[in-house]
Amino acid sequence: MSIGPGYACVPCQTYLRPRKNDIYVLTERGDGGPYQVWNADLWECPDCGHQVILGYGLHAISEHYEQNFSTWLSMGTHTIKGQLKGLSEEWER
Ligand SMILES: [Zn+2]
């Protein structure tokens, strides 16, 4: 598939492979309420099975206050619950 440097799983010394393109990622607020829907890609290590979400668009497709949010909410295939470690400063802005 891809040739040359790419996303790699360090413990396995294996390149990640794209598992599914165009997933819809729902992010939730710290209290569990829906927050944003993002378009991204799902990659996977073929050896250990760890999955990572990469290739986000520049902006969320929709946010909780937008009129079309419920439509995008129903398209969600992957959910990131609450406040991720390492993103807390970003989320508090
Ligand atoms: Zn691995």
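**Exposure, pairing and core**

Colleague: With 11 other C-beta atoms within 10 Å, is Asp 22 buried or exposed?

Modeller: In this predicted model, Asp 22 has 11 other C-beta atoms within 10 Å. A residue is buried if 20 or more other C-beta atoms lie within 10 Å of its own, exposed if 12 or fewer, and partly exposed in between, with C-beta atoms placed from the backbone. Asp 22 is therefore exposed.

Colleague: Which numbering and which pLDDT limits apply?

Modeller: Residues are numbered from 1 along each chain as its sequence is written. Totals for chains, interfaces and linings use all residues of this predicted model, whereas local features need pLDDT of at least 70 and side-chain atom pairs count only at pLDDT 80 or more.

Colleague: Which residue in S5 is the bridge partner of Asp 41?

Modeller: Two strands pair if DSSP finds at least two bridges between them. Strand S4 (residues 34-44) and strand S5 (residues 51-54) run antiparallel and are joined by four bridges. Six residues separate them in a hairpin, and Gly 49 in its turn has a positive phi of about 85°. The partner of Asp 41 in S5 is Leu 54.

Colleague: In which strand does Asp 22 lie?

Modeller: Asp 22 is not a glycine, yet it has a positive phi of about 60°. Its place is in strand S3.

Colleague: What is the phi of Gln 13?

Modeller: Gln 13 belongs to the loop between strand S1 (8-9) and strand S2 (14-15). Gln 13 is exposed, with 8 other C-beta atoms within 10 Å. Although Gln 13 is not a glycine, its phi is positive, at about 55°.

Colleague: Which residues make up the largest nonpolar core?

Modeller: A nonpolar core is a set of buried Ala, Val, Leu, Ile, Met, Phe, Trp, Tyr and Cys residues joined through C-beta atoms within 7 Å. The largest one has five members: Val 25, Leu 26, Val 37, Trp 38 and Trp 72.

Colleague: Which strands each supply at least two residues of this core?

Modeller: The core in question includes Val 25, Leu 26, Val 37 and Trp 38. The strands are S3 and S4.

Colleague: What percentage of the 93 residues is buried?

Modeller: In soluble globular proteins, nonpolar side chains tend to be buried together. Here the buried share of the 93 residues is 12%.
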